[in-house]
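Reader: I would like to go through this model term by term. Please set each label against its cut-off.

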Amino acid sequence: MSVTIEILSGLGAKGPAAIVVEAQGKRLLLDAGGALHPDDTMTWANNLDVDAVLISHDHIDHIGGVAELAEDVPLYCTPLVAKALPPNRAWHPLPERGALEVEGITVTTGQAGHSLGGVWLHLAVGGGIFYSGDACFESRLFPFDTPPPARIALLDASYGSYDQPQAYCVQAISERLDQPLAFPVPETGRALEMALWLAEEADRRQLTLAIDPVIRDNLAALLALPATLRRPGLDHSIRLLLARQNACPPTLQLMCDRNDTPAQWSNHQLLHTGYLTPDRRAQLAAGEISWQRWNVHLRASHLVALADQLGATQVVPLFTRFSDNELNAWQGLLGDRLCTAQRFSTHSRLVTFPV
């Protein structure tokens with residue numbers, strides 16, 4: 001069976017996710033990412049012709065381009081992810097963990113360990129194609145499900161060759177909790193597990209805490225899902241947090257990252273824990289904000305472990321910059337499994353293109 005993969009966006013840089021898999025006469029789009037920065041021009045959707053769209057999760061760089069697609073193209077996502085679709089956009093449900101037929105192709109899904117309602121995708125074509133979307137092994141809240149074998153692995157490599165364990169990140173943030181801090185976070189991602197951790201730390205240190213109502217609502221949505229869709233042993237902690245009153249004023253504030261300018265938080269130090277836009281990088285350089293990563297993507301050794309687990313013979317690191325140093329690092333980690341080709345077929349030799 002001939003299978004062709006075209007990475008429209010998301011290869012060689014941190015950018016929107018958009019990948020077309022063509023097999024059995026059908027073209028499936030994996031994710032429809034939107035621009036990460038207000039001034040970015042998004043061109044991957046121009047004149048795009050696909051038979052169906054599969055969305056891994058609801059972060060803007062994976063779902064923000066849906067409005068650019070024809071409305072009559074069938075779109076598949078989990079019910080919680082559907083809440084982030086443009087108003088009145090028709091959609092079909094993906095299982096949080098399971099399988100279905102999309103345009104005659106068997107698609108298997110599983111928990112990706114990254115966000116509320118987020119899944120990885122496996123297509124039963126070409127010896128198996130696995131797409132992680134954004135994924136993480138280290139979440140204390142979101143599980144990561146073992147996927148079926150796959151010859152081709154399209155993997156989240158947002159962290160490049162970074163390989164610091166989550167325990168290091170948590171300890172580094174813990175050491176900063178002696179000052180008023182505000183944490184801007186994606187409301188369906190790390191926000192939920194950071195809420196639980198901050199509640200524990202606030203109680204232990206006798207600090208006051210406030211959590212954005214939207215984050216609380218998402219924790220309640222997670223609690224309403226089957227228990228197997230979250231890590232075991234946390235339900236009691238989630239219920240306690242939901243019953244907890246917000247302090248006013250708080251020492252620690254966890255809020256959605258839409259309200260995150262230093263001027264809005266004159267009494268708190270803004271501490272970012274994820275991707276920094278150019279504006280935020282400028283703020284960091286000027287000392288206006290702080291930054292410490294909280295792991296929500298695959299770090300390098302976990303990406304290699306996942307490729308090994310899949311039995312992949314071709315591995316494509318996505319959403320990362322391919323500098324010479326990074327390419328050398330990936331070559332050392334993946335050897336001849338490394339693929340940086342923008343377009344390739346399962347029946348052709350892979351050729352690296354200049355980046």
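Author: What follows is a set of questions about labels and the values behind them.

Author: This is a predicted model, where local features need pLDDT of at least 70, side-chain atom pairs count only at pLDDT 80 or more, and totals for chains, interfaces and linings use all residues. Residues are numbered from 1 along each chain as its sequence is written, and side-chain values use heavy atoms, with hydrogens and water left out.

Reader: What makes up the count of helices and strands in the protein chain?
Author: Helices are DSSP runs of H or I with at least four residues, and strands are runs of E with at least two, numbered from the N terminus. By that rule the protein chain has 9 helices and 18 strands.

Reader: How do you know that the radius of gyration of the protein chain agrees with a compact globule?
Author: The radius is taken over C-alpha atoms, and the globule rule is 2.2 Å times the number of residues to the power 0.38. For 355 residues a compact globule would come near 20 Å; the protein chain has 20 Å, so the two agree. Its C-alpha trace spans about 60 × 40 × 35 Å along the principal axes.

Reader: Why is cysteine 136 called buried?
Author: Buried means under 20% relative accessible area, exposed means over 50%, and partly exposed is in between (1.4 Å probe, protein chains only). Cysteine 136 has 1%, so it is buried. Cysteine 339 also comes to 1%, and therefore it is buried. Across the 355 residues of the protein chain, 57% count as buried.

Reader: How many disulfides does the structure hold?
Author: The structure has 0 disulfides. Cysteine 136 is in none: the nearest cysteine sulfur belongs to cysteine 169, 9.6 Å away. A disulfide needs a pair of cysteine sulfur atoms within 2.5 Å.

Reader: Where does cysteine 169 sit, and which buried residues share its helix?
Author: Cys169 is one of the buried residues of helix H3 (residues 166-174), along with Gln166, Val170, Ala172, Ile173 and Ser174. These pack against strand E12 (181-185), helix H4 (190-205) and strand E15 (269-272). Contact here means heavy atoms within 4.5 Å.

Reader: Which residues of helix H8 are buried?
Author: In helix H8 (residues 300-310) they are Ala300, His302, Leu303, Val304, Leu306, Ala307 and Leu310. Their cover includes strand E10 (129-131), strand E11 (152-156), strand E17 (314-318) and helix H9 (324-334). Just after H8, glycine 311 takes a positive phi of about 75°.

Reader: What makes threonine 228 exposed?
Author: Threonine 228 has 54% relative accessibility, so it counts as exposed. It lies in the loop between helix H5 (213-224) and helix H6 (235-243). Not counting residues up to four places away in sequence, threonine 228 touches Arg97 and Pro143. The C-alpha atoms of threonine 228 and phenylalanine 142 are separated by 9.8 Å, although the two are 86 residues apart along the chain.

Reader: Why is histidine 92 called partly exposed?
Author: Histidine 92 stands at 37% relative accessibility, so it counts as partly exposed. It is found in strand E6 (residues 92-93). Leaving aside neighbours within four places in sequence, histidine 92 is in contact with Pro74, Leu75, Tyr76 and Cys77. Alanine 82 is 10 residues from histidine 92 in sequence and 9.0 Å from it in space, C-alpha to C-alpha.

Reader: What is the phi of asparagine 47?
Author: Phi of asparagine 47 is near 55°, a positive value in a residue other than glycine. This residue is in the loop between strand E3 (26-30) and strand E4 (52-54). Asparagine 47 has a relative accessible area of 82%, so it is exposed.

Reader: And what about asparagine 88: where does it lie?
Author: Asparagine 88 lies in the loop between helix H2 (79-82) and E6. Its phi is near 70°, also positive in a residue other than glycine. With a relative accessible area of 83%, asparagine 88 is exposed.

Reader: What is the peptide bond between cysteine 248 and proline 249?
Author: The bond joining cysteine 248 and proline 249 is cis, with omega about 0°. Proline 249 is in the loop between H6 and strand E14 (252-256).
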